[in-house]
Amino acid sequence: MRLLKRLNPSLKAVIWETVLKTADFLINQHDLAVIDPMDINKVNNILSERLSALHIEGANGIVYTYKGETKYSANDSVSPAKARYCMPAHYIDYPPSIQVQAWTDYGTATLWHYTEAEYIGITTASFWASSC
């Protein structure tokens, strides 16, 4: 406390501002989880729109975990385990308590869309040669 009395008033203001910003941040993180939790179906709809814009077609979903309780978008707990691509789970708050993970089960058309023409030719030729 003696140290604070000896500090320059402008430095005290900066310290106080930092403390208040940190407190606001922690309160907002708490609100994120407890008061206004994420609607995973809305997040999944946004994910679907973004994937469609990139011509990535197929099923997709969100896995949301808070304090050990896991929720799945559209109550689909089977598909993430079978998906072709599943992102690593990421914490989205501090201290870490909320984990979000996205998955997609894209079709073969998506692979063809993103594969370069030379690789399509090589794949087709090798498939054709193996079937002869």
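Guide: A nonpolar core is a set of buried Ala, Val, Leu, Ile, Met, Phe, Trp, Tyr and Cys residues joined through side-chain atoms within 4.5 Å. Buried means under 20% relative accessible area, exposed over 50%, and partly exposed in between, with a 1.4 Å probe and protein chains only. The model is predicted, so local features need pLDDT of at least 70, side-chain atom pairs count only at pLDDT 80 or more, and totals for chains, interfaces and linings use all residues. Residues are numbered from 1 along each chain as its sequence is written, and side-chain values use heavy atoms, with hydrogens and water left out.

The part is strand 1, residues 58-66. First, its setting. The protein has 6 helices and 5 strands. Helices (H or I, at least four residues) and strands (E, at least two) are DSSP runs, numbered from the N terminus. Along the sequence the order is α-α-α-β-β-α-β-β-β-α-α. Mean pLDDT, the predictor's confidence in each residue from 0 to 100, is 80 for the protein. Of its residues, 82% reach 70 or more. Helix 3 (residues 40-53) has the highest mean among the elements, 92. Helix 1 (residues 2-6) has the lowest, 60.

Now burial. Of the 132 residues in the protein, 18% are buried.

Next, pairing. Two strands pair if DSSP finds at least two bridges between them. Strand 1 runs antiparallel to strand 5 (residues 98-106), with 9 bridges joining them. Strand 1 also pairs with strand 2 (residues 69-72), again antiparallel, over 4 bridges. V63 shows both pairings. Its bridge partner in strand 5 is Q101; in strand 2, the partner of V63 is Y72. The hairpin of strands 1 and 2 has 2 residues between the strands. There, K67 takes a positive phi near 50 degrees.

Then the side chains. In a regular strand they alternate between the two faces of the sheet. The largest nonpolar core has 8 residues: A33, I40, I62, Y64, Y66, I98, V100 and A102. Strand 1 and strand 5 each supply at least two residues of this core. Take I98 as one core member. Leaving out residues up to four places away in sequence, I98 touches L32, A33, Y64, T65, Y66, H90, Y91, I92 and D93. Contact here means heavy atoms within 4.5 Å.

A polar residue of the strand deserves a look too. N60 is in strand 1. N60 counts as buried because its relative accessibility is 14%. Its side chain makes a polar contact of 2.8 Å with the side chain of N44. Another, at 3.0 Å, links the side chains of N60 and S48. A polar contact is a pair of N or O atoms within 3.5 Å; within protein, one must be able to donate a hydrogen and the other to accept it, and residues adjacent in sequence count only if both atoms are side-chain atoms. Beyond four places in sequence, N60 is in contact with N44, L47, S48, L51, W103 and T104.

S77 lies in the loop between strand 2 and helix 4 (79-82). At 43% relative accessibility, S77 counts as partly exposed. Its C-alpha atom is 9.8 Å from that of I62, 15 residues apart along the chain.
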